Amino acid sequence: MEAVIVDLDGTMVDTLGDFTVAVNSMLADLDLPAIAASRIESMVGKGSEHLIRSVLRHVRGQEPDGALQSEAWRRYSRHYLEINGQHASVYAGVVDGLHSLREAGLRLACLTNKPGDFARPLLAAKGLARYFDVVFGGDAFERKKPDPLPLRKTCEVLGTQPQRTLMVGDSSNDALAARAAGCPVVLMRYGYNHGEPVEAVDADGLLDSLAELAPMLRAGA
């Protein structure tokens, strides 16, 4: 491997607390009922716009119209930026794992469906930004994961071939995008994966900690 592309939510940082606070603050603004964190967890992973649309559909029992979607997004964005990282924690092994990958001479990119304006401050607040050569949010390209375009574009920026660029994520979004882009992929067992068992996803390996990755690569696994 020459480079590693790492997802953010559910892979490096447990952000469910942030999502829950921002979503329920938005719903309160709109005089709509709160939603449980466990339900929000199953909606995470396909970008913030998808999250907001899924939440509104869940609490109202119908698809939101454009005006409601826009107002909900405006309010959600304001709340999220206010609390970004305050209710989130870095998973055990992430810092050691990223450090080991850098020590091994690998280039690192963070590629997330989270908007870039949310992702970059979060990485900085959690002390993770310094490990990455580039950071791309879900608004960086025309399409988001599970489309392969973001991975292909990230490989171009890194100057690496997909087959020598490992994708590390936590869900089927990451795996589907990697397979279509021609990248090998490993997934974390502790992530979100839309509420489905990650063991059922087609991947090249499963990890309990990001700290396991560098030794695995050194062993040629």
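Strands S6 and S7 run parallel and are joined by three bridges. Helices (H or I, at least four residues) and strands (E, at least two) are DSSP runs, numbered from the N terminus, and two strands pair if DSSP finds at least two bridges between them. What you're looking at is a predicted model, where local features need pLDDT of at least 70 and side-chain atom pairs count only at pLDDT 80 or more, while totals for chains, interfaces and linings use all residues. Residues are numbered from 1 along each chain as its sequence is written, and side-chain values use heavy atoms, with hydrogens and water left out.

**From S6 to S7**

- Gly169 stands opposite Leu187 in S7.
- To get from S6 to S7 the chain goes through H8, and this β-α-β crossover is right-handed (with the strands pointing away from the viewer, the path from the first strand over the helix to the second runs clockwise).
- S6 is mostly covered, with five of its five residues buried (buried means under 20% relative accessible area, exposed over 50%, partly exposed in between, using a 1.4 Å probe and protein chains only).
- Thr165, Met167 and Gly169 point one way from S6, while Leu166 and Val168 point the other way.
- S6 also pairs with S1, in the parallel sense and over four bridges; here Val168 is the bridge partner of Val6.

**The sheet as a whole**

- Six strands make an open sheet with parallel pairing, in the order S5-S4-S1-S6-S7-S8.
- S5 and strand S8 (205-207) sit at the edges with a single partner strand each, so one side of each has no neighbour in the sheet.
- From one strand to the next, the twist averages 25 degrees.
- H7 packs on the sheet and touches S1, S4, S5 and S6, and its direction makes about 150 degrees with that of S4 (axes are lines fitted to C-alpha atoms, for helices over the stretch in contact, and angles run from 0 to 180 degrees between N-to-C directions).

**Strand S4 and its partners**

- Four of the five residues of S4 (residues 107-111) are buried, so the rest of the structure largely encloses this strand.
- S4 pairs with S1 (residues 3-6) in the parallel sense over four bridges, and Val4 stands opposite Leu108.
- S4 and S5 (residues 134-136) run parallel too, joined by three bridges, with Ala109 opposite Val134.
- The chain crosses from S4 to S5 through helix H6 (residues 116-125), in a right-handed β-α-β crossover.

**Helix H8 and Asn173**

- The buried residues of H8 are Asn173, Asp174, Ala175, Ala177, Ala178 and Ala181.
- They pack against helix H7 (149-158), strand S6 (165-169) and strand S7 (185-188).
- Asn173 lies in H8 (residues 172-181), and it counts as buried because its relative accessibility is 3%.
- Leaving aside neighbours within four places in sequence, Asn173 is in contact with Gly45, Lys46, Asn113, Lys145, Pro146 and His194 (contact means heavy atoms within 4.5 Å).
- At the start of H8, a side-chain oxygen of Ser171 comes within 3.2 Å of the backbone nitrogen of Asn173.
- Just after H8, Gly182 has a positive phi of about 90 degrees.

**Aromatic residues**

- There are eight aromatic pairs in the structure (rings of Phe, Tyr and Trp, with its six-membered ring, pair if their centres lie within 6.5 Å; planes under 30 degrees apart count as stacked, over 60 as edge-to-face and the rest as tilted).
- One aromatic cluster is made up of Phe19, Trp73, Tyr76, Tyr80 and Phe118.

Terms used: Polar contact = N/O pair within 3.5 Å; in protein donor to acceptor, adjacent residues only side chain to side chain.
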